[in-house]
Number of protein chains: 2
Amino acid sequence: MLKGLLSVLLVLVALSSTMGKPDKAAVKKEKRVPQTLSRGWGDQLIWAQTYEEALFWARSKNKPLMVIFHLEDCPHSQSLKKVFAEDQDIQKLADEEFVILNLVYETTDKHLSPDGQYVPRILFVDPSMTVRADITGRYANRMYAYEPSDIKLLLSNMQRAMKFLKTEL
Amino acid sequence: MLKGLLSVLLVLVALSSTMGKPDKAAVKKEKRVPQTLSRGWGDQLIWAQTYEEALFWARSKNKPLMVIFHLEDCPHSQSLKKVFAEDQDIQKLADEEFVILNLVYETTDKHLSPDGQYVPRILFVDPSMTVRADITGRYANRMYAYEPSDIKLLLSNMQRAMKFLKTEL
């Protein structure tokens, strides 16, 4: 399905590069692929752009917010992204029950780095605007880090973030 | 040429509807087009995602920052976007000399709304982190608004934002 989309994109790129064939001398740079807000974490999901926007949506939709800190040139981020994007349960839950945000740059909110700034790092924020520092991964020194093998733990943590909302609000 | 484009679009629509034909019962939602960071303001440009990120790049690259506030369902924003994306001088200057950010959600920084929050609205920020409230458009009641016919004024304002940098830093 994703492959289908990719090939459509490729057709598009091919089309657009042949249709508007400009004078080669005039073109300095290679054609760039437009940046996506998903950055590969789920092209079919609706991503918030900024933390402020995400908080607004979390509050107004009464949904928990999931914030993913990552870097394009970090191999741990890349490998986590791959399993995240391919995991149907995660994608479905993220799509239906969460406000989601992925960031390659830290925010000014220190609550989003309870044990430091590192990537990949996933924090949940309750619609009451409380950072869920209690929802952690497997590693004592980097409590909000996940490896690809932790993907089911992440799914379970997403379910915890949802339960909090229902029982305590 | 327009007809050509239209038929390409039709082909695309046809392609996307036949290629990824899923079991109708299983699929709840239509296939979404991935959101782009450019949001149509220049797919070939490199956009910052957040204001914090943009400020960081402005300072570290010593380039002025241009922040465009807009909304997807605002016809004034849409018509300005069209001329902005099609103006080669603007696109070239934005690409080479500016850090650029487009936002559909306000930041917490009040300096970015010197005369209120409205769209479309374009603010410049000097690499010294100073919001250039002096670089305004044509309208006294909405000083940072631009209409499509103001596109050359915007270009000239971009040049002003660059001059400041060179002469005063």
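**Ground rules.** I'm working from a predicted model, where local features need pLDDT of at least 70, side-chain atom pairs count only at pLDDT 80 or more, and totals for chains, interfaces and linings use all residues. Residues are numbered from 1 along each chain as its sequence is written, chains are lettered from A and ligands numbered from 1 in the order in which they are written, and side-chain values use heavy atoms, with hydrogens and water left out.

**Cysteines.** Then I checked burial, where buried means under 20% relative accessible area, exposed over 50%, and partly exposed in between (1.4 Å probe, protein chains only). Cys74(A) is buried at 10%, and Cys74(B) counts as buried at 10% too.

**Helix H3(A).** Helices here are DSSP runs of H or I with at least four residues, strands are E runs of at least two, and both are numbered from the N terminus. Which residues of H3(A) are buried? I found Ser77(A), Leu80(A), Lys81(A) and Phe84(A). Down the axis of H3(A), they fall within an arc of 110 degrees (taken from the directions from the helix axis to the C-beta atoms), so they line one face of the helix.

**Arg121(A).** This residue lies in strand E4 (residues 121–125) of chain A. Is Arg121(A) buried or exposed? It counts as buried, at 0% relative accessibility. I also listed what Arg121(A) touches (heavy atoms within 4.5 Å), not counting residues up to four places away in sequence: among them are Val67(A), Phe69(A), Glu106(A) and Tyr144(A).
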